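Trainee: I would like to go through the labels on this model and ask what each one rests on. Can we take them in turn?

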Amino acid sequence: MLRLTLALLCVALAAATTSTASSHSTNSHYTSSPTNCQQAFAVDNFNNGFAANDGAVSFNGPWTVGSSGSAIVANGQLSLSAAQPGFAISRSLDTSQAFTAQLRFGAAFVGGATQHDVVFVEGSADGAAWESLLELRGSWAIGAMTLVDLNSVRGTDTHFRFRVGQGLQNGVELQLEYVTVVLQICEGYPATTTSTTTSASSSSSTTTTTTT
């Protein structure tokens, strides 16, 4: 009985050793926490129509304006109005190299807005699938600076938009005084991941470096 037990143990150890040797994979080299971070800014002060680039970082293109409302750039402001829901204006930029991305804007409702006047701030990583980031209501005091996190939609074509919810009634407008995207650029981000796979049959290894 003892000999049978020892024999089975040896077979199990041999199988485990063979399995480990035939395919050994590591994915452990990850760049340390980002350091030496600096901020970079994409800015639109609404002094040059719908295509202004007033910061060191440029947007991917001008504002995209929907067809069921009104968007006017004048006197350093962008005024948004629409009696029907769904009207939106959007803009995009590359945030793929940023450790963090944050949207900042100054805005105010004018024209006797109420709680029924709603504008959604939304973000998208591709301009197709949108997620709600913030809800603006006419009865709220928005203030000179509102901050919205864009980290969940970072990418080469990060979109953000202002979309009318229930409709802005009786001539109510949302006025944007500026829009800024703050990018935190750091050493060590994006991280570099190195994967090494070793095959026992050929005694060779393959190393693949990817940026994530």
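Labels and cut-offs

Trainee: Why does Cys37 count as partly exposed?

Mentor: The relative accessibility of Cys37 is 35%. Buried means under 20% relative accessible area, exposed means over 50%, and partly exposed is in between, with a 1.4 Å probe and protein chains only. Cys37 therefore counts as partly exposed. Bear in mind that this is a predicted model, in which local features need pLDDT of at least 70 and side-chain atom pairs count only at pLDDT 80 or more, while totals for chains, interfaces and linings use all residues. Residues are numbered from 1 along each chain as its sequence is written, and side-chain values use heavy atoms, with hydrogens and water left out.

Trainee: What makes Cys37 and Cys186 a disulfide?

Mentor: Their sulfur atoms are 2.0 Å apart. The criterion is a pair of cysteine sulfur atoms within 2.5 Å, so the pair qualifies. The structure holds one disulfide. Cys37 lies in strand β2 and Cys186 in strand β12, 149 residues apart, and the pair links distant parts of the chain. Strands here are DSSP runs of E with at least two residues, numbered from the N terminus.

Trainee: Why is the disulfide called right-handed?

Mentor: Because the torsion about the S-S bond of Cys37 and Cys186 is about 110 degrees.

Trainee: Is Cys186 buried or exposed?

Mentor: Cys186 has 6% relative accessibility and therefore counts as buried.

Trainee: What makes Asp44 and Arg91 a salt bridge?

Mentor: The closest N and O atoms of the two are 2.9 Å apart. A salt bridge needs a side-chain nitrogen of Lys or Arg within 4 Å of a carboxyl oxygen of Asp or Glu, so the contact passes. Asp44 in strand β2 and Arg91 in strand β6 are 47 residues apart. Both Asp44 and Arg91 are buried. The structure holds four salt bridges.

Trainee: What about Glu122 and Arg161?

Mentor: These side chains also meet in a salt bridge, at 2.6 Å from N to O. The pair joins distant parts of the chain, with Glu122 in strand β8 and Arg161 in strand β11, 39 residues apart. Glu122 counts as buried because its relative accessibility is 7%. Arg161, at 18%, counts as buried too.

Trainee: Why does Glu135 count as partly exposed?

Mentor: Its relative accessible area is 26%, so Glu135 is partly exposed. Glu135 and Arg137 meet in a salt bridge with an N to O distance of 2.6 Å. Arg137 is partly exposed because its relative accessibility is 22%. Elsewhere, salt bridges that share partners join Glu122, Arg161 and Arg163 into one network.

Trainee: What makes β3 and β6 paired strands?

Mentor: Two bridges join them, and they run antiparallel. Pairing requires that DSSP finds at least two bridges between two strands, so β3 and β6 pair. In one of the bridges, Thr64 has Ser90 in β6 as its partner. Five strands form an open, antiparallel sheet in the order β3-β6-β11-β8-β9. The strands β3 (64-65) and β9 (131-137) are its edges, as each pairs on one side only.

Trainee: Which residues touch the most other members of the largest nonpolar core?

Mentor: Phe105, Phe160, Phe162 and Leu176, in a core of 35 residues. Such a core is a set of buried Ala, Val, Leu, Ile, Met, Phe, Trp, Tyr and Cys residues joined through side-chain atoms within 4.5 Å. Strands that each supply at least two residues of this core include β7 (100-110), β11 (158-164) and β12 (173-187).

Terms used
Helices (H or I, at least four residues) and strands (E, at least two) are DSSP runs, numbered from the N terminus.
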